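Subject: Structure handover

Hello,

Please find the structure below, with notes on what was found in it.

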Amino acid sequence: MSLWLTKTRTIGGYNLIKKIICNNIRLNPYQPTASSSSPFHSLLDNSSNGNSVNFVSRYLNLCRSSYTAALGDRNYSSLRAGEQILSSSEEEEDDDHGEYSFEENQVMDFPGGKIGYTSNLNFLPGSPEKRVQCYRVLDENGFTISSNISKLVSKELALKMYSGMVTLNTMDKFFYEAQRQGRLSFYLTSFGEEAINLASAAALSFDDIVLAQYREPGILLWRGFTMQDFANQCLGNNAGHGKGRQMPIHYGSKNLNFITISSPLTTQLPQAVGMAYSLKMDKKDSCVVAFFGDGSASEGDFHAALNFAAVMDAPVVFFCRNNGWAISTPVTEQFRSDGIVVKGQAYGIPSIRVDGNDALAVYNAVRSAREKAISEQRPILIEAMTYRVSHHSTSDDSTKYRPIDEIEHWKTTHSPITRLRKWVERKGWWSDKEESMLHVEAKKQVKQAIDEAEKEEMPPLRDMFTDVYEELPSNLKEQETVLRETIQRHPKDFPNNIY
Amino acid sequence: MLGILRQKVGGATGLSSQGLGNHMLRLRPVTSALRNYSSATKEMTVRDALNSALDEEMAADPNVFVMGEEVGEYQGAYKITKGLLDKYGPERVVDTPITEAGFAGIGVGAAYHGLRPVIEFMTFNFSMQAIDHIINSAAKSNYMSAGKINVPIVFRGPNGPAAGVGAQHSQCYGGWYGSVPGLKVLVPYSSEDARGLLKSAIRDPDPVVFLENELLYGESFPVSAEVLDSSFCLPIGKAKIEREGKDVTITAFSKMVGYALKAAEILEKEGINAEVINLRSIRPLDRATINASVRKTNRLVTVEEGFPQHGIGAEICASVVEDSFGYLDAPVERIAGADVPTPYAANLERMAFPQIEDIVRAAKRVCYRSAPISATAS
């Protein structure tokens, strides 16, 4: 919190001194731990400064720092600037080069920490020569790359992940078709991102709170949301968790620690930081995980959230699904940086880029990020590289803005499902028979779920008015009464599934 | 019910010690204010009222925390949060980077998880940078999550014009937030209002937008022992009749209540007995009290500082026309700020906001007394 002290404002002398004392006590990583706070000690202390340094220049520097102090310089950390110039110039034993070598190794104690100088007029490049590398465990054919992989998953976990991926894929296929047939009004698929969905869920604990964007229903699937739950929400019937309030795919589950999906993009990121702050105050052994896409990272909320999380030391894992497309906007038009991973570093957050189509890599990365976030109480950023095989949603036809063979290529050659299957098959954990059984079962469940959901009742009229506030206010009670009377008097003007 | 103040302060002619910034009329000595109260009462500024309310609520509930720009080390941009950092520490009084969208979103997230944040906007003009979080995240969450996620958050800060701060620091947001279902919008006037309503807002399970007024912060009002008690709360959604009358109803909120009371004194001398209603709450709007008053007086003048179109006066007028049309003896008069971005120059700024004289003339007009409509009244 002391970082903001350096804004200019009138601070009385008393407060200034109090802050100096307080700041020495709080271990602020950006403040130098000076051995003494008085400039006079450095003048007299020969042992730290070396005997060969010119006493006169030391004295002059002391005067300079005292002068700035006398001016009431509120940036008290630069009171130590004088000392710093001295302490780094002590290494220059021979003064034959005069003022040139004296300047070279200078370090200035700016607000925020020490910064060294250079005489090279070099700009940091906008993009690095080499892009940040991608962490992966399995190659395209499902072989482990490094022979000494420390963490591999157990058979049980691997098969649960794999069958979850296949189930998600099947559910998406059928629900998409159902929308095309007019049984659903809207749907959004996660084709190509099944590994991200299931592997990240597998790496988290059920106590970790998830704030997703909308392409992460696999997490709910992993945690126990049934096919029927999905279907009920999408059809907006009375059996669904949502009382028919939200449009399809806006799932949520308090029990499963999955916050209800919200349409405005990226709003879930600062909210995640707020939740993590709350968790921190409760000292829980869990973290918050916020998912978002490459396009979402352009919103203002992304920057506010990452900056804030770093400053507040909030235990959040920010998980970016960089799938190359934001509806029709490719990443080349979304940002000019090397993806999202470098933005994490820009905010002071440890970040990693991972192969999003490699389930084992995603699992390892999330597992590790989660541990780090909780033990070190700080945010972590993961950027998972993948491809959005889906159209953005049922309202989109992506063949209009990208070539069909590009989609096909990613769908087949880089399918995360195929890759993991090859690995589990080679391990002897899976066979064709089990594969076909899984597909049959998943198909059956999905079909049944949609059929059942359609037969369910729609929500009652009362649910139009409840939950606006915690308690039903009198004006809404009145409105409902008046509405029911109107329906009774004019039944022809209203549909007959209102009750 | 201990702590809930009665609606009507019978016979009280209002609080005479409301020095109002640069629109001063003579100040009556303090003793005359005390004449109407049975025992000696303390005086308290609105600033201290808000500060004490925050302090007490933070002491009572460890989940309450304050967040905003300059609320901690600086003691608050308007010193409302003075002393809280020292008392409760940086975990509960959080100084933020400059990002309204950021800290509003973070507050909403914290509220999702059960904390009770009090988010301060330096002025509600800056809340526009965070308005998506206030409306789409805070207001609608309980409904959209089918009652599973409630958001017990309070957004507070100065609203409306101050003095000489120009267009981007002077807008009133009562109409904007007042139209959103899921929010509660409160507009305190006196110290009693400030204390009681802020305590209720913090204890409320729904998101509350708490619109204060910068010029009222320094105003002193008498407060009774009941008001000073730490359990004192005012009900949300109930207006207060500051001054009873029988000839014309004047509704107002925030600083305009003071102006309306002054106008009522002037009207009294001319034989018009005005009833002044302090709305206290824009959402829910106390339509019952307003309509009951209009049915008694048969005439209505609404006063607000915000822009006229889609403002509070428009809503009150519609409500009265819907519920009490037959009782109206004259068309409703709406007094509002001028329909222009607020100019800076002092002479122009004075013309851009309602003055006491405007209220007096409007009241006379509805009473069919001769007071021609001047170019400046809206």
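Just after helix H10 of chain B, Asn298(B) takes a positive phi of about 70°. Helices (H or I, at least four residues) and strands (E, at least two) are DSSP runs, numbered from the N terminus.

Before the rest, some notes on conventions. This is a predicted model, in which local features need pLDDT of at least 70 and side-chain atom pairs count only at pLDDT 80 or more, while totals for chains, interfaces and linings use all residues. Residues are numbered from 1 along each chain as its sequence is written, chains are lettered from A and ligands numbered from 1 in the order in which they are written, and side-chain values use heavy atoms, with hydrogens and water left out.

Helix H10 of chain B spans residues 287-297, and its buried residues are Thr289(B), Ile290(B), Asn291(B), Ser293(B), Val294(B) and Thr297(B). Buried means under 20% relative accessible area, exposed over 50%, and partly exposed in between (1.4 Å probe, protein chains only). An α-helix has 3.6 residues a turn, so residues three or four places apart point the same way. The cover over the buried residues of H10(B) includes strands S9 (240-243), S10 (248-252), S11 (274-278) and S13 (300-303), together with helix H11 (312-324), of chain B.

Val257(B) sits in helix H9 (residues 255-269) of chain B. Val257(B) has a relative accessible area of 0% and therefore counts as buried. Leaving aside neighbours within four places in sequence, Val257(B) is in contact (heavy atoms within 4.5 Å) with Tyr189(B), Glu242(B), Ala252(B) and Asn278(B). Glu242(B) is 15 residues away from Val257(B) along the chain, and their C-alpha atoms are separated by 8.4 Å.

The two chains

Chain B has 378 residues, of which 62% are buried, and its secondary structure consists of 13 helices and 14 strands. Among its contacts between residues at least 6 apart in sequence, 80% join residues at least 24 apart.

Chain A has 499 residues, 48% of them buried, with 20 helices and nine strands. Of the contacts in chain A with a separation of 6 or more, 70% are between residues 24 or more positions apart.

An unreviewed UniProt entry annotates residues 165-460 of chain A as "domain: Dehydrogenase E1 component". UniProt positions are given in the numbering used here, feature names are shortened, and annotations may be inferred rather than shown by experiment. Over that range the chain is 48% helix and 10% strand, with its end C-alpha atoms 35 Å apart.

Where the chains meet

The interface involves 47 residues of chain B in contact with 41 residues of chain A. About 3,800 Å² is buried between the two chains, and carbon and sulfur atoms give 62% of this area. Buried area is the accessible area (1.4 Å probe) that two parts lose on being put together, summed over both. In chain B, Ile106(B), His113(B) and Tyr143(B) lose the most area to chain A, together 19% of what that side buries.

Between the chains there are 14 residue pairs in polar contact, both residues at pLDDT 80 or more. A polar contact is a pair of N or O atoms within 3.5 Å; within protein, one must be able to donate a hydrogen and the other to accept it, and residues adjacent in sequence count only if both atoms are side-chain atoms. Strand S2 (64-68), strand S3 (93-95), helix H4 (100-112) and helix H5 (131-144) of chain B each supply at least two residues of the side that touches chain A. The largest share of that side, nine residues, comes from H4(B).

On the chain A side, Thr466(A) lies in the loop between helix H19 (462-465) and helix H20 (474-489). Not counting residues up to four places away in sequence, Thr466(A) touches Arg245(A), Leu472(A) and Tyr143(B). The side chains of Thr466(A) and Arg245(A) are joined by a polar contact of 3.0 Å.

Around Glu216(A)

Glu216(A) is in the loop between strand S3 (209-211) and helix H9 (217-223) of chain A. Its relative accessible area is 1%, so Glu216(A) is buried. A polar atom of its side chain lies 2.9 Å from the backbone nitrogen of Gln213(A). Beyond four places in sequence, Glu216(A) is in contact with Asn197(A), Phe258(A), Phe291(A), Phe292(A) and Arg321(A).

Regards
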